[in-house]
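Student: Please take me through one part of this model closely. I would like the contact between the two chains, step by step.

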2 protein chains.
Amino acid sequence: QLGATYLGEGRCSFEVWAPNAKIVELHQVSPNDRILPLRSERGYHRATFEKVAPGARYFLRLDNTIERPDPVSRFQPEGVHGPSEVIDSYFEWTDSDWFGLPLRDYIIYELHVGTFTQEGTFAAIIPYLPELKELGITAIELMPVAQFPGDRNWGYDGVDLFAVQNSYGGPNELKRLVNACHQVGLAVILDVVYNHLGPEGNYLRDFGNYFSEDYHTFWGPALNFDGPDSDEVRRFFLENALHWQTDFHMDALRLDAIHAIRDASAFPFLQELSQITQRRSEMLNRRFHLIGESDLNNPRVILPGNLGGYGLDAQWSDDFHHCLHVLLTGEKNGYYADFCGIKRLEKFFREGYTYTGEYSLTRRRRHGLPPKLNQAKQFVVFSQNHDQIGNRMLGDRLANLCSFEDLKLAAGCVLLSPFIPLLFMGEEYGERAPFQYFISHTDRGLVEAVQKGRREEFANFVWEGEVPDPQAESTFNACKLNHRLRTHESHQNLYDLYRELIEIRKSVPAITNAEKDSLEAQASESQNVLFVR
Amino acid sequence: QLGATYLGEGRCSFEVWAPNAKIVELHQVSPNDRILPLRSERGYHRATFEKVAPGARYFLRLDNTIERPDPVSRFQPEGVHGPSEVIDSYFEWTDSDWFGLPLRDYIIYELHVGTFTQEGTFAAIIPYLPELKELGITAIELMPVAQFPGDRNWGYDGVDLFAVQNSYGGPNELKRLVNACHQVGLAVILDVVYNHLGPEGNYLRDFGNYFSEDYHTFWGPALNFDGPDSDEVRRFFLENALHWQTDFHMDALRLDAIHAIRDASAFPFLQELSQITQRRSEMLNRRFHLIGESDLNNPRVILPGNLGGYGLDAQWSDDFHHCLHVLLTGEKNGYYADFCGIKRLEKFFREGYTYTGEYSLTRRRRHGLPPKLNQAKQFVVFSQNHDQIGNRMLGDRLANLCSFEDLKLAAGCVLLSPFIPLLFMGEEYGERAPFQYFISHTDRGLVEAVQKGRREEFANFVWEGEVPDPQAESTFNACKLNHRLRTHESHQNLYDLYRELIEIRKSVPAITNAEKDSLEAQASESQNVLFVR
């Protein structure tokens, strides 16, 4: 097992893949300061030491020159640049009667730990679980919790992919949250980022060929899933998935932007990931799902292996969002230009993608293939999510753009659809706080680059006003939910409707079991009406 | 139809995709000099002109500034930098009773037009057809004939992909050759390069986004099969394939290095190519095959679309070559290190790839997947080919490395295998002339870069001697075949064996119809013997 594994009785084993280093030593910095050598073998460095108890902090020292946190650190109590901490993976789980939920029963509630509560911790979420249960959702989806630089971040700048964000409460608090969710019958989905690493505190390159020489992503160097040494890189990510699945009892992973996981190998990483987590699921006797965020409109992603697919269980469907958003707001700028007219939404209901080979104006090419062999419950739909709100210049929610009546219509479209619905925290009562882009990097040059990039991102859109400063603490604070709004008049009405729609979804078999091809979708352009039955 | 299409009676239509240009004009330079405007519409520029007869030469003039050959030129009588020529596509075909051959009957003879004969032309090949027929081969495979810079080139530096090399005789002479082949019952495979363009005379960038912004290949910028404007780029290559299939009656295309055709779209170019050429095949009522050169060991390439495949009919199998080569020569340097031991060849006979997920030392990762659903007749095997000879420093053939007895063994391995056999010109009589790398660029800097690159390529190998100068005419001349050798003693013996083996292959049903899973392959490491039955 990679990383530090506490074996009990003061013994701890260490394993790190660092083919770039000839000599790797453990530099324990607390409770006492000492340097311990690891044995090297084929790029791996290993040792088991006595008198290393949980709480011990250490760096890995490479070739007597540089000291780095463990790439597989389970905890970074002092942040991304500080030492790694040995933790005891033991936790008193009380969810042994929890076997997970079938994907078709998922009603997902996406939340960002830092802004869901004033405290911004895992612990602070737990008191809200009964309310969420009462709302009717069946799964919460946590935006990424891997250690990121600073205290404020969406989570997509994570760099210690096995560590749980210290400011959220660290690994044990996350386990407490998952355990509490399972107690009340909620599944937990964790958002993980396997396509890039954050720009600050990313020390992987010092250890080995984690990054591809062939590919780049929008957010930085792509990870190496098909080049030399990619077996070891894959192992790192496979173990990461198993780590969340096994040690944290996660029910599902949401794989961020899988179109940026570039991989031309005969056995794609995603297929391997799906096989390995399914095998583990059988071993653990607990359902496990992989949900990809995919921009490809490629059914291959969610087809089983024997049909040439990667075997993911489901994928996010931005097409649905865009169709609905354009209908509700009339916005037609940027990529929304591709989704004008109610016929686009009709197409989605019938097929599962809006683009199944049609020419896309913004992509300037044909896009997608029809997902004929896929079921409705393989598509996650939403009227809002962190990206669709947060990637707007001001991070304004639908509640800031539409009337309550329109919000109700949106809720109906999502919750009564044959697809898997996802809500973004607060939308159920029409939260007004924005969800803006925020960071808390320490590197000044990087902060300026992000601020600049953020301004440039809106070149294609015609929005008025100033781009909020992503680095400002006030930006982050402005995004925190005002849960009390829920019991205020129209907000309460909206909330009640969400609850009722979810209740209907669960209780009416025609809706619960709806399929793409068992429903009839008929749009009238002139009346701007879509009938689905 | 793209390019210049002669309509008869002095009328000719022109169409070019040039979104980078606002104004495109036809600059006719011969027989008279005049400038004629094309109409622009959505990136395409078109017109039909009177008094443009076959033989007329022209450039395309972009935005009043630069003049370029037509990207879809059918003929470049003065080379890659000169004007394009309007040709009459009419040809008096006499092969209307030719319907092609099923792939399982292919016994392929790869030849390079420039060095197969002293003349180095299509016309000079025709007198050899009866001999080739007599040998028993059923298809000739022409190394690329698209117009390349200068008179000497393997063909992989082609830049006018619709034009037939002027020094080989141009388009009409190629048709004469194909027609003659069909007359004697030989199929013709054309090698086409859809992964890059040659470095000299490549003017495509002036017209549109032909090249990818995301990918690069070993040989230069990758082509744009999935980015903005890739529909139009695909159309260019799809029309190219249909051009050879329809106008030149080609029976098959050999697609060079498809692993360098980078494409992350939902509907990969190769799949589209296979669908479109199959549809055309049905229309023409003539069999048509796509054979990919693939380095991926990925069965997806040769699986049908309904199993998630790209639908190519067959692929080249370098694994087979490498196993056999190591056994015959004992060479274990470079990538040969991956193919040591007779068990590797046994594996190939059983499965169709040697690497089906095993760790490869030279790739430093696991490689391949088992092609369980593929048939033996989807793998093209050889003991030599242009690459495996020509990419050696001295271009030495097996006949320069092995005894006649070993050459006979190699012939047996290839010709009695259940796979599709391919011979490289001259191997059937143990030709001794090397097949070295040669070019005839006019750009001095480029020539030096190639010379340098060539020297660097052999860094991993431990060969003695000087790298032959690729630019020297003597290098090219040294590669021409000595056909008279065929009737000399041991050479004649070898030739007779080839002929007999082919005869056996054709007449013994157990060999003709052999399949991977109907044969038994058993290797003995200690005796260095492989039984296949």
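Tutor: Start with the charges: 6 salt bridges are counted between chain A and chain B. This is a predicted model. One of the salt bridges joins A:Arg366 to B:Asp231, with the closest N and O atoms 3.2 Å apart.

Next, the elements. On the side of chain A that touches chain B, at least two residues each come from strand E15 (211-217), helix H5 (230-247), helix H6 (269-284) and strand E21 (365-367). H5(A) gives the largest share, 3 residues. Sorted by class, that side of chain A has 12 charged, 10 polar and 10 nonpolar residues.

Now the extent. Chain A brings 32 residues to the contact, and chain B brings 32 residues. About 2,500 Å² is buried between chain A and chain B. Carbon and sulfur atoms give 39% of that area. Three residues, A:Ala266, A:Arg364 and A:Arg366, supply 23% of what chain A buries against chain B, more than any other three.

Last, the symmetry. Chain A superposes on chain B by a rotation of 180 degrees, with 0.0 Å of shift along the axis and an RMSD of 0.0 Å. That is how a two-fold axis relates two copies. A:Gly308 is the residue of chain A that comes closest to the axis, its C-alpha lying at 2.1 Å. The copies meet through the same surface, because 100% of the interface residues of chain A are also interface residues in chain B.

Technical notes. Residues numbered from 1 in each chain as written. Chains lettered and ligands numbered in written order. Predicted model: local features only at pLDDT ≥ 70, side-chain atom pairs only at ≥ 80, totals over all residues. Heavy atoms only, no water. Least-squares fit on C-alpha atoms with pLDDT ≥ 70 in both. Contact = heavy atoms within 4.5 Å. Buried area = accessible area lost by both parts, 1.4 Å probe. Salt bridge = Lys/Arg side-chain N within 4 Å of Asp/Glu carboxyl O. Helix = DSSP H or I, 4+ residues; strand = E, 2+ residues; numbered from the N terminus. Nonpolar A, V, L, I, M, F, W, Y, C, P; charged D, E, K, R; others polar.
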